[in-house]
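Subject: Structure handover

Hello,

Here is the structure I said I would pass on. Please open it alongside this email and follow the residues as they come up.

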Amino acid sequence: MGKRGLKNTKFKVCFLLYGLLPLFLSILFLSGTAFAKQKEVSLKVGWFPRKVEQGDIYVVNVLVAKGARSLTGEFQGKALSFYKVKKGRLFRTLIGIDMETDPGTYQLVISAKSRSGKAVRGRYRIRIKKRDFGEQRITLPEEMVELDEDTLKQVEEEGEKVKEIWTKERSDRIWRGKFIKPLDGEIISPFGVRRILNDLPRNPHSGVDLEAGMGEDIRSSNAGIVVFAGELYFSGETVIVDHGRGLYTMYFHLSRIDVEEGQRVKKGEILGLAGSTGRSTGPHLHWGVRLHDARVDPFSLLRLR
Ligand SMILES: [Zn+2]
């Protein structure tokens with residue numbers, strides 16, 4: 001296995017020769033025009049980061065030979081769809097490794113077909129490592145933790161409504177270039193930390209909490225369409241931006257919302273002001289990211305180019 005850089009990308013690319021070797025051999029033995037056919041259907045696959053952990057956004061780059069007609073893939077039982085990176089034959093897909101994915105080895109399958117119908121398939125072993133998210137003990141007034149029946153029902157209904165959003169993935173990519181932090185604040189509660197509320201273990205923290213002053217501007221991490229703008233029990237005044245291709249960013253506990261559902265926003269556009277609405281003990285921004293329904297670390301979004 002050798003490492004080499006790809007043009008137009010700074011990602012390290014690993015050309016998995018051994019994965020393609022059986023294919024080359026079968027072509028050599030079966031065909032008199034081995035090189036032409038090999039070129040016709042070959043693919044090079046690389047990924048970033050090299051070590052994949054729970055909560056990562058995992059980028060797969062595929063360089064296909066000229067003349068390849070279809071490119072498909074599968075990971076964790078889900079079909080992958082690729083988008084073209086600039087001009088040329090480099091394609092990319094982003095995979096979200098949910099924070100609670102069991103660590104272990106998973107198979108990535110990538111297939112391409114040539115115009116003449118010749119197929120090539122690569123299988124790659126991807127090891128997902130356990131990440132130590134740490135633990136945080138929080139004490140809240142009992143009435144914020146113990147929910148009465150009506151509130152429970154409300155929370156459940158809200159959960160269903162938000163879940164609906166993740167099922168309506170757009171096939172186009174709206175985001176462009178690098179993602180930005182919605183504001184400059186330091187991390188006050190990291191992503192994935194296991195929370196113990198008043199001595200009872202709760203769901204892990206699905207976003208990152210950033211320090212924010214009351215009324216500070218909250219900016220959209222990238223271009224997108226506002227798919228939710230309203231109040232929810234836990235997250236208070238909430239904005240969810242759809243960046244296309246199954247990628248969403250979320251902004252919780254705002255004191256004011258300045259956008260409407262259906263509105264297109266630019267990267268850096270003000271979505272609202274920081275606050276402490278919902279279940280919150282002081283002004284801060286909870287920033288969350290969903291990718292194909294996986295809860296991923298917002299900071300892994302900042303590492304994308
Ligand atoms: Zn939070």
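Start at Ile-110. Setting aside its neighbours within four places in sequence, Ile-110 is in contact with Leu-43, Val-45, Val-60, Val-62, Leu-71, Thr-72, Gly-73, Phe-82, Val-120, Arg-121, Gly-122 and Tyr-124. Bear in mind throughout that this is a predicted model.

Ile-110 belongs to the largest nonpolar core, which has 21 residues. The members that touch the most others are Leu-43, Tyr-58, Val-60, Val-62, Phe-75, Leu-108 and Ile-110. Two or more residues each come from strand 3 (43-48), strand 5 (57-64), strand 6, strand 10 and strand 11. A second, separate core has 16 residues, among them Val-239, Val-241, Leu-285 and Trp-287. As background, nonpolar side chains in soluble globular proteins tend to be buried together.

Next, the strands. How do strand 6 and strand 10 pair? Strand 6 (residues 68-75) and strand 10 (residues 104-114) run in the antiparallel sense, with 7 bridges between them. To find the pairing on screen, look for Ala-68, which stands opposite Ser-114 in strand 10. Strand 10 also pairs with strand 11 (residues 119-129), again in the antiparallel sense, over 10 bridges. Here Tyr-106 is the residue opposite Ile-126 in strand 11. Strands 10 and 11 form a hairpin with 4 residues between them, and Gly-117 in the turn has a positive phi of about 95°.

The last topic is charged side chains. Side chains of opposite charge can pair when their charged atoms come close. The count here comes to 12 salt bridges. These are some to look up:

- Arg-137 and Asp-199 meet at 3.1 Å, N to O. Arg-137 is in strand 12 (residues 135-138) and Asp-199 in the loop between strand 14 (194-197) and strand 15 (200-201), so the pair ties together parts that are 62 residues apart in sequence. Arg-137 and Asp-199 are both exposed.
- Lys-153 and Glu-157 meet at 3.7 Å, N to O. Both lie in helix 4 (residues 149-167), 4 residues apart, which is about one turn of the helix. Lys-153 counts as exposed at 54% relative accessibility, while Glu-157, with a relative accessible area of 49%, is partly exposed.
- Arg-256 and Asp-258 meet at 2.8 Å, N to O. Arg-256 is partly exposed, with a relative accessible area of 45%, and Asp-258 is partly exposed at 33%.
- Asp-98, Glu-100 and Arg-295 are linked in a network of salt bridges.

Regards

Notes: Residues are numbered from 1 along each chain as its sequence is written. This is a predicted model: local features need pLDDT of at least 70, side-chain atom pairs count only at pLDDT 80 or more; totals for chains, interfaces and linings use all residues. Side-chain values use heavy atoms; hydrogens and water are left out. Two strands pair if DSSP finds at least two bridges between them. A salt bridge is a side-chain nitrogen of Lys or Arg within 4 Å of a carboxyl oxygen of Asp or Glu. Buried means under 20% relative accessible area, exposed over 50%, partly exposed in between (1.4 Å probe, protein chains only). A nonpolar core is a set of buried Ala, Val, Leu, Ile, Met, Phe, Trp, Tyr and Cys residues joined through side-chain atoms within 4.5 Å. Contact means heavy atoms within 4.5 Å.
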